[in-house]
Amino acid sequence: MEKTNLEKTITLRHELHKYPELSLHEEKTLGRIREFLLQNTSLEVVDRDGWLFAVKRAYDPEAEQIAFRADMDALPIEEAVALPYASSKEGISHKCGHDGHCAALCGLALALDQMETSKTVYLIFQPAEEIGAGGKVCAKLIKEKGIREVYAFHNLGGYPEGAVVFRRGLTQPASEGMEIRFFGKSSHASAPEEGRNPSVVISEIVLYIHKLLKETHSGMVLCTVTGIHVGTGDFGISPGDGTLRLTLRAEYEEELKTLKQEVMRFADQLAAQSDLQTKYQFFDYFPETKNSTQGIDRVLAAAKKMQIPTIEMSDLWRASEDFGYYLKECDGAMFYIGNGENWPALHTKEYDFNDRILETAVDMLTLLAMEQEGYDEA
């Protein structure tokens, strides 16, 4: 990567970090990316509703097409690191590294602008990955444009800095948020029998979930309690309403559906026995992310050519990722670049994207964008 391009890419990353925006509110982030592309490249920039893509046209109009995706949204986490480019927004910061992903894709745009390509390259800047909403919308571009391959990377702590980390086949699971609301009847705390308090039902569901997860499944299945709310805490009131919030996660989408149905069946059964009404809401659905064989082979060939060490994951990464929507449409892969073995974990206050891996990321993406020989030997 050229030194000037790297400096521009790092500067952009810091600017994006300073002005983070939550899912579906990435207007200014989008504006900064658009401005960077228009000022620094001659790539065609196309605006869509809440997102954009840039295009580097191949010299052959009949050439195959390839795409790369970066996510733009930040998280509702307070900045706790003393950075010169620290978040300027209270309670919001880039604690997943999407600022780095976008900067890397802009670095790829700089590289593409300085070369001729045998493939038409699409760069997709996607909103709302953290809630699973952006990928479903943006992945429609794959079919619309007849794109044959799509790639993305994610930074990842716990692995050597700059190493390419990968998993063949299923690499990240499906997941969905579930909220169960219970409606009973409040009463005086001295006469709980006169009301219908949902606390016992909620407790039994939580215990049942632990039993359910011990049953045999064909892949990883997980259910995490993310919130329990019953009453106001007033010592004189036995509450009548309550809420249980869960994140359901499964290696396969079919098992996620089965898990959801089983939890609902048990909750309805207990609620009926206690004369409680139930209401369900579901949030943040993520499909399974499954790499194609061809996609991973290409990633490994690029790493080999660059003499970058590669590490194969034995188990999938449990975090969900809406890049799975893209991989349902064509070949491709999600791969990871190590931040460092002792680097702070994603989604923590201590985390910041590691600028030292930007060059590796851009060089990997650039090599994947080029027509290469020798992939069959990887």
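A salt bridge here is a side-chain nitrogen of Lys or Arg within 4 Å of a carboxyl oxygen of Asp or Glu. A search of the whole structure on that basis finds 24 salt bridges. Before I go through some of them, a word on the model.

This is a predicted model, so local features need pLDDT of at least 70 and side-chain atom pairs count only at pLDDT 80 or more, while totals for chains, interfaces and linings use all residues. Residues are numbered from 1 along each chain as its sequence is written, and side-chain values use heavy atoms, with hydrogens and water left out.

Now the salt bridges. Aspartate 355 pairs with arginine 13, with 2.9 Å between the closest N and O atoms. Arginine 13 sits in helix α1 (residues 3-18) and aspartate 355 in the loop between β16 (331-340) and α10 (358-369), so this pair ties together parts that are 342 residues apart in sequence. Helices (H or I, at least four residues) and strands (E, at least two) are DSSP runs, numbered from the N terminus. Arginine 13 is buried at 0% relative accessibility, and aspartate 355 is buried at 18%. Buried means under 20% relative accessible area, exposed over 50%, and partly exposed in between, using a 1.4 Å probe and protein chains only. Arg13 and Asp355 also belong to a salt-bridge network with Asp99 and Asp352.

Two other pairs. Arginine 69 and aspartate 71 form a salt bridge at 3.4 Å, N to O, and both are buried. Glutamate 144 and lysine 145 form one with the closest N and O atoms 3.6 Å apart. There, glutamate 144 is partly exposed at 44%, and lysine 145 is partly exposed at 27%.

Next, the cysteines. How many disulfides are there? With a disulfide taken as a pair of cysteine sulfur atoms within 2.5 Å, the count is 0. For cysteine 96, the closest cysteine sulfur is in cysteine 102, 12 Å away, which is too far for a bond. Cysteine 330 is in no disulfide either; its nearest cysteine sulfur, in cysteine 138, is 14 Å away. Cysteine 96 is buried at 6%, and cysteine 330 is buried at 12%.

Last, threonine 171, in strand β7 (residues 170-172). Is threonine 171 buried or exposed? Threonine 171 is buried, with a relative accessible area of 0%. Leaving aside residues up to four places away in sequence, threonine 171 touches Thr289, Asn291, Leu316, Trp317, Met334 and Tyr336, where contact means heavy atoms within 4.5 Å. With tyrosine 336 there is a side-chain to side-chain polar contact at 2.7 Å. A polar contact is a pair of N or O atoms within 3.5 Å; within protein, one must be able to donate a hydrogen and the other to accept it, and residues adjacent in sequence count only if both atoms are side-chain atoms.
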